[in-house]
Amino acid sequence: MSGGDSGSRVPRLMNRADRSHRVLIIDDRAGIREVFRDFLDLLGYAADAAVDGTEGLEMLERGDYGLVLTDLKMPGINGIDVATSVRRSRPETAVIVVSGSAVPDEVEFIRRLGFAYLQKPVILRDFTAAVA
(Lines give C-alpha, C1' and ligand atoms only; values in the text may rest on other atoms or scores of the structure.)
Protein backbone atom coordinates (compact mmCIF):
# COMPACT_ATOMS: atom_id res chain seq x y z
CA MET A 1 0.00 0.00 0.00
CA SER A 2 1.30 3.46 -0.67
CA GLY A 3 0.42 7.02 0.17
CA GLY A 4 -0.66 8.08 3.61
CA ASP A 5 0.15 10.28 6.49
CA SER A 6 3.65 11.46 7.28
CA GLY A 7 5.35 9.20 9.81
CA SER A 8 6.32 12.18 11.95
CA ARG A 9 2.64 12.99 12.55
CA VAL A 10 1.66 9.48 13.66
CA PRO A 11 2.12 9.00 17.40
CA ARG A 12 3.68 5.81 18.67
CA LEU A 13 0.88 3.97 20.43
CA MET A 14 2.35 0.68 21.58
CA ASN A 15 5.73 0.02 23.13
CA ARG A 16 7.80 -2.82 21.67
CA ALA A 17 7.57 -4.53 25.06
CA ASP A 18 3.77 -4.65 24.65
CA ARG A 19 3.81 -7.34 21.97
CA SER A 20 1.94 -9.62 24.35
CA HIS A 21 -1.13 -7.46 23.68
CA ARG A 22 -3.30 -8.46 20.78
CA VAL A 23 -4.45 -6.01 18.15
CA LEU A 24 -8.08 -5.81 17.04
CA ILE A 25 -8.63 -4.85 13.40
CA ILE A 26 -12.12 -3.60 12.52
CA ASP A 27 -12.79 -3.01 8.83
CA ASP A 28 -15.64 -4.00 6.53
CA ARG A 29 -13.23 -4.81 3.69
CA ALA A 30 -11.58 -8.23 3.86
CA GLY A 31 -8.56 -7.11 1.83
CA ILE A 32 -7.77 -4.31 4.26
CA ARG A 33 -8.11 -6.64 7.24
CA GLU A 34 -5.64 -9.04 5.62
CA VAL A 35 -3.09 -6.32 4.78
CA PHE A 36 -3.20 -5.00 8.36
CA ARG A 37 -2.90 -8.54 9.73
CA ASP A 38 0.15 -9.10 7.48
CA PHE A 39 1.73 -5.80 8.64
CA LEU A 40 1.16 -6.75 12.28
CA ASP A 41 2.56 -10.24 11.72
CA LEU A 42 5.73 -8.68 10.27
CA LEU A 43 6.00 -6.57 13.44
CA GLY A 44 5.49 -9.56 15.73
CA TYR A 45 1.94 -8.81 16.90
CA ALA A 46 -0.99 -11.22 17.04
CA ALA A 47 -4.24 -9.83 15.65
CA ASP A 48 -7.92 -10.62 15.50
CA ALA A 49 -10.28 -9.13 12.94
CA ALA A 50 -13.91 -8.02 12.94
CA VAL A 51 -16.06 -7.30 9.90
CA ASP A 52 -17.83 -4.28 11.43
CA GLY A 53 -18.10 -2.10 14.51
CA THR A 54 -20.73 -4.26 16.18
CA GLU A 55 -18.63 -7.41 15.95
CA GLY A 56 -15.52 -5.46 16.96
CA LEU A 57 -17.10 -4.11 20.15
CA GLU A 58 -18.35 -7.60 21.03
CA MET A 59 -14.82 -8.97 20.57
CA LEU A 60 -13.41 -6.15 22.67
CA GLU A 61 -15.68 -7.18 25.57
CA ARG A 62 -14.27 -10.72 25.45
CA GLY A 63 -10.62 -10.05 24.65
CA ASP A 64 -7.56 -8.23 25.94
CA TYR A 65 -6.41 -5.82 23.25
CA GLY A 66 -3.63 -3.25 23.47
CA LEU A 67 -4.60 -1.58 20.20
CA VAL A 68 -7.72 -1.22 18.07
CA LEU A 69 -7.39 -0.31 14.37
CA THR A 70 -10.79 0.78 13.09
CA ASP A 71 -12.01 1.94 9.73
CA LEU A 72 -13.82 5.28 9.87
CA LYS A 73 -16.67 4.58 7.47
CA MET A 74 -18.42 1.25 7.91
CA PRO A 75 -22.03 0.11 7.79
CA GLY A 76 -23.69 0.29 11.20
CA ILE A 77 -21.37 1.56 13.91
CA ASN A 78 -18.76 3.93 12.43
CA GLY A 79 -15.12 4.24 13.48
CA ILE A 80 -15.59 7.32 15.66
CA ASP A 81 -18.34 5.56 17.62
CA VAL A 82 -16.09 2.50 17.96
CA ALA A 83 -13.18 4.66 19.14
CA THR A 84 -15.24 6.55 21.74
CA SER A 85 -16.72 3.27 23.01
CA VAL A 86 -13.22 1.79 23.37
CA ARG A 87 -12.11 4.87 25.29
CA ARG A 88 -15.07 4.54 27.69
CA SER A 89 -14.74 0.81 28.32
CA ARG A 90 -10.96 0.35 27.95
CA PRO A 91 -9.18 3.69 28.40
CA GLU A 92 -5.78 1.95 28.41
CA THR A 93 -6.35 0.62 24.87
CA ALA A 94 -4.87 2.69 22.06
CA VAL A 95 -7.02 3.43 19.00
CA ILE A 96 -6.07 4.29 15.42
CA VAL A 97 -8.83 5.42 13.07
CA VAL A 98 -8.09 4.64 9.42
CA SER A 99 -9.81 5.99 6.31
CA GLY A 100 -9.25 6.54 2.64
CA SER A 101 -12.05 9.03 2.28
CA ALA A 102 -11.98 11.29 5.34
CA VAL A 103 -12.17 15.00 4.62
CA PRO A 104 -9.82 17.38 6.50
CA ASP A 105 -12.53 18.37 9.01
CA GLU A 106 -13.08 14.71 9.92
CA VAL A 107 -9.35 14.12 10.39
CA GLU A 108 -9.09 17.21 12.60
CA PHE A 109 -12.10 16.04 14.62
CA ILE A 110 -10.57 12.56 15.10
CA ARG A 111 -7.31 14.08 16.31
CA ARG A 112 -9.10 16.58 18.60
CA LEU A 113 -10.81 13.60 20.23
CA GLY A 114 -7.31 12.26 20.93
CA PHE A 115 -7.22 9.38 18.46
CA ALA A 116 -4.47 8.68 15.96
CA TYR A 117 -5.34 8.75 12.27
CA LEU A 118 -3.82 6.93 9.31
CA GLN A 119 -4.74 7.66 5.70
CA LYS A 120 -5.47 4.74 3.36
CA PRO A 121 -3.64 3.52 1.47
CA VAL A 122 -1.33 3.09 4.48
CA ILE A 123 2.43 3.17 4.10
CA LEU A 124 4.14 0.40 6.07
CA ARG A 125 6.58 2.98 7.53
CA ASP A 126 3.67 5.03 8.99
CA PHE A 127 1.93 1.90 10.21
CA THR A 128 5.13 0.75 11.90
CA ALA A 129 5.68 4.15 13.50
CA ALA A 130 2.19 4.01 14.99
CA VAL A 131 2.27 0.50 16.44
CA ALA A 132 5.91 -0.58 16.92
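What share of the contacts in the chain with a separation of 6 or more is accounted for by residues 24 or more positions apart? The points below begin with that figure and then turn to the helices.

1. In this predicted model, residues 24 or more positions apart account for 71% of the contacts in the chain that have a separation of 6 or more. Of the 132 residues in the chain, 47% are buried.

2. The chain contains 5 helices and 5 strands, and, read from the N terminus, these elements follow the order β-α-β-α-β-α-β-α-β-α.

3. For helix α2 (residues 53–62) and helix α3 (residues 79–89), the axes come within 11 Å and cross at roughly 15°, which makes α2 roughly parallel to α3, and the crossing of α2 and α3 is right-handed.

4. On the α2 side this contact is made by Gly53, Leu57 and Leu60, while α3 contributes Val82, Ser85, Val86 and Ser89. By residue class, the contact of α2 with α3 comprises 4 nonpolar and 3 polar residues, with no charged residue taking part.

5. The second pair consists of α1 and α5, whose axes are 11 Å apart and which pack at an angle of about 60°; α1 and α5 are therefore oblique to each other. The crossing in which α1 passes α5 is right-handed.

6. Where α1 and α5 meet, Phe36, Phe39 and Leu40 belong to α1, and Leu124, Phe127 and Val131 belong to α5. The residues of the contact of α1 with α5 comprise 6 nonpolar ones, with no polar and no charged residue among them.

7. The aromatic side chains of this region can be described further, given that rings pair if their centres lie within 6.5 Å and that the count comes to 2 aromatic pairs. In one of them, Phe36 and Phe127, the ring centres are 5.4 Å apart and the planes stand at 25°, so the pair is stacked, the cut-off for stacking being planes under 30 degrees apart. Because Phe36 lies in helix α1 (residues 30–42) and Phe127 in helix α5 (residues 124–131), the pair ties together parts that are 91 residues apart in sequence.

8. Both Phe36 and Phe127 are buried, and together with Phe39 they form one aromatic cluster.

How values were computed:
Residues are numbered from 1 along each chain as its sequence is written. This is a predicted model: local features need pLDDT of at least 70, side-chain atom pairs count only at pLDDT 80 or more; totals for chains, interfaces and linings use all residues. Side-chain values use heavy atoms; hydrogens and water are left out. Rings of Phe, Tyr and Trp (its six-membered ring) pair if their centres lie within 6.5 Å; planes under 30 degrees apart count as stacked, over 60 as edge-to-face and the rest as tilted. Helices (H or I, at least four residues) and strands (E, at least two) are DSSP runs, numbered from the N terminus. Buried means under 20% relative accessible area, exposed over 50%, partly exposed in between (1.4 Å probe, protein chains only). Axes are lines fitted to C-alpha atoms, for helices over the stretch in contact, and angles run from 0 to 180 degrees between N-to-C directions. Angles under 35 degrees count as roughly parallel, over 145 as roughly antiparallel, 65 to 115 as roughly perpendicular and the rest as oblique. A crossing is left-handed if the near helix is turned anticlockwise from the far one by less than a right angle, and right-handed if clockwise. Contact means heavy atoms within 4.5 Å. Ala, Val, Leu, Ile, Met, Phe, Trp, Tyr, Cys and Pro count as nonpolar, Asp, Glu, Lys and Arg as charged, and the others, Gly among them, as polar.
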